[in-house]
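Subject: Structure handover

Hi,

Here is the structure we talked about. My notes follow below it.

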Amino acid sequence: MSGDQQYPKVSLLLRGDGSDQSFYFRDYSLFARTITRTGAVVISTTSPKIGSGSIYSPGSSGVFLNLPPEAFNFGIEDFTIEFWCNLLTNVTAG
């Protein structure tokens, strides 16, 4: 990410790029962490926000990405968690 002075500090960067219905989730950070899935999480090219695809989950129980714990070792410094979320169905608080 040339030009971004904060990029070397990015701990995990998932863009959702890939072939439709694939399940290889690339970490674009400098750490290139291994991401695996449980359930039916896939890449979808139907409605990408950035890049060629997005990460799609059908929203059913037991469906998630397995992220390495070291990606969330923030220490005591300030940190930011940022993501885009497109809810395809109505969500109610419960």
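The structure holds two aromatic pairs. Rings of Phe, Tyr and Trp (its six-membered ring) pair if their centres lie within 6.5 Å; planes under 30 degrees apart count as stacked, over 60 as edge-to-face and the rest as tilted. F72 and F74 are edge-to-face, because their ring centres lie 6.1 Å apart and their planes meet at 80°. F74 also pairs with F79, and that pair is stacked: 4.1 Å between centres, 5° between planes. Together the ring pairs link F72, F74 and F79 into a cluster.

Before you go further: this is a predicted model, where local features need pLDDT of at least 70, side-chain atom pairs count only at pLDDT 80 or more, and totals for chains, interfaces and linings use all residues. Residues are numbered from 1 along each chain as its sequence is written, and side-chain values use heavy atoms, with hydrogens and water left out.

F72 is partly exposed at 41%. F74 is partly exposed at 30%. F79 is partly exposed at 48%.

Next, the surface. L67, F72, F74, F79, I81 and F83 make a nonpolar patch of about 620 Å². Like charges are joined within 9 Å, nonpolar side chains (Val, Leu, Ile, Met, Phe, Trp, Tyr) within 5 Å. Areas come from the Shrake-Rupley method with a 1.4 Å probe; for residues, only the protein chains shown count as cover. L67 sits in the segment after β4 (64-66). Strands are DSSP runs (E, at least two residues), numbered from the N terminus. L67 is partly exposed, at 33%.

Now S44 and T46. S44 lies in strand β2 and is buried, at 9% relative accessibility. T46 is in the loop between β2 (42-44) and β3 (54-56) and is exposed, at 69%. The S44 side chain reaches the backbone nitrogen of T46 at 3.2 Å. Neighbours within four places in sequence aside, S44 is in contact (heavy atoms within 4.5 Å) with D20, G53, S54 and Y56. D20 also comes up for T46: they are 26 residues apart in sequence, and 8.1 Å apart in space, C-alpha to C-alpha.

Best wishes

Terms used. Helix = DSSP H or I, 4+ residues; strand = E, 2+ residues; numbered from the N terminus. Buried < 20%, exposed > 50% of the residue type's maximum accessible area, 1.4 Å probe, protein only. Polar contact = N/O pair within 3.5 Å; in protein donor to acceptor, adjacent residues only side chain to side chain. Patch = residues over 30% accessible without salt bridge, like charges linked within 9 Å, V, L, I, M, F, W, Y side chains within 5 Å. Salt bridge = Lys/Arg side-chain N within 4 Å of Asp/Glu carboxyl O.
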